[in-house]
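Let's go through some labels and check what stands behind each one.

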Amino acid sequence: MIKKLLLCAAFMASAVSYSQTQEDLGKIQLSVSFTEAQTERFEQDVLLKTESKLTQLLADYGIAATNYNNGLLLQPNIIINSQDVVEGGMQNINVITMTLQLVIRQDQTDIIFSSYSKTLKGTGRNTALAISNALNTLSAGDPSLVAFLNKGTDKVLKYYESNCNQIISKSANLDKSGKYAESLALLASIPDAARCYNTAQSKSLEIFSNLQRKECSAFISDAKMFIAQKDYSSAFEVLSRVGSVSPCAAESSLLVKNIENRITAEEKKQWDQQMNMRKDHVALEKQRISAIKDIAVSFYNSQKRPGNVIIVR
């Protein structure tokens, strides 16, 4: 039970401190994903350089790049066309001509939204450096690259616009099945530019409340167990996860009051701050949204689909 509850530790995340990954949720975002064939063919340094370069290009264009699979992939494919070694003075130089292919696709459905191909040339002391230098010639201002990203993001948005009702319906079914994290992650994937984004946000809050209600009794039960063991800090930690709209919020507050003389001054300060925040409806709403995003990120990070490799730094 304790292990299960640890997944919910993010529920009471700070309302004023979002991670970069959290902030990217709600925007069109892509995961740079390599096929297994690419990871077997090229060294890790080449993959890391490719991922870094593409992430920077996406950032220049205003697209978020994530290190988890949210279903939307930017998939590179490097094809070596020719490789020559030119004798130099102190050291031989590798000359590479390669084709970089890129596709934006939806992983689960395998829908391809846009494709791109460009021949690049680079030199270096070894193959990895030659490929790296070839990738450096790729410019964010390349008209064909801009057209590729424009087409891809337009089609991604149209995809969500066309499938919003189905996505929300699927999320509702997952909620009914008790698959709360997957349900919230599915809704979190909807870009904020989609017309149904606000509806998805409202549904997310409803699902989050359902999850809070389900976990409520478990939190209280574990807290009482810790109190019986005189492990007051652990009891406090569990009780601090109880949301203000949970059915057991009042019981949680009463239990904390009973042990407030046995917890640290810092924990007492933390609890008082949390109670003050609950009086601020705007801050409370931000806290709920932050917790929902934490759950979505945790779910995406736990997903691994066969055939795709996403580099996690």
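Q: What makes helix 6 count as kinked, and where is the kink centred?
A: The bend at a residue is the angle between axes fitted to the seven residues ending there and the seven starting there. In this predicted model, that angle gives a kink of about 65 degrees in helix 6, centred on Asn 163. Helices here are DSSP runs of H or I with at least four residues, strands are E runs of at least two, and both are numbered from the N terminus.

Q: How do you know what helix 6 (residues 143–176) should span?
A: The expected span is 1.5 Å times one less than the number of residues. With 34 residues, helix 6 should therefore span 50 Å, and its end C-alpha atoms are 47 Å apart, which agrees. Helix 6 is followed by Gly 178, with a positive phi near 85 degrees.

Q: Why is helix 4 called roughly parallel to helix 5?
A: Axes are lines fitted to C-alpha atoms over the stretch in contact, with angles from 0 to 180 degrees between N-to-C directions. Angles under 35 degrees count as roughly parallel, over 145 as roughly antiparallel, 65 to 115 as roughly perpendicular and the rest as oblique. The axes of helix 4 (residues 44–61) and helix 5 (residues 127–136) come within 10 Å and cross at roughly 10 degrees, so the pair is roughly parallel.

Q: Which residues of helix 4 and helix 5 make the contact?
A: Taking contact as heavy atoms within 4.5 Å, helix 4 brings Val 46, Lys 49, Thr 50 and Lys 53, while helix 5 brings Ala 128, Ile 131, Ser 132, Leu 135 and Asn 136.

Conventions:
Residues numbered from 1 in each chain as written. Predicted model: local features only at pLDDT ≥ 70, side-chain atom pairs only at ≥ 80, totals over all residues. Heavy atoms only, no water.
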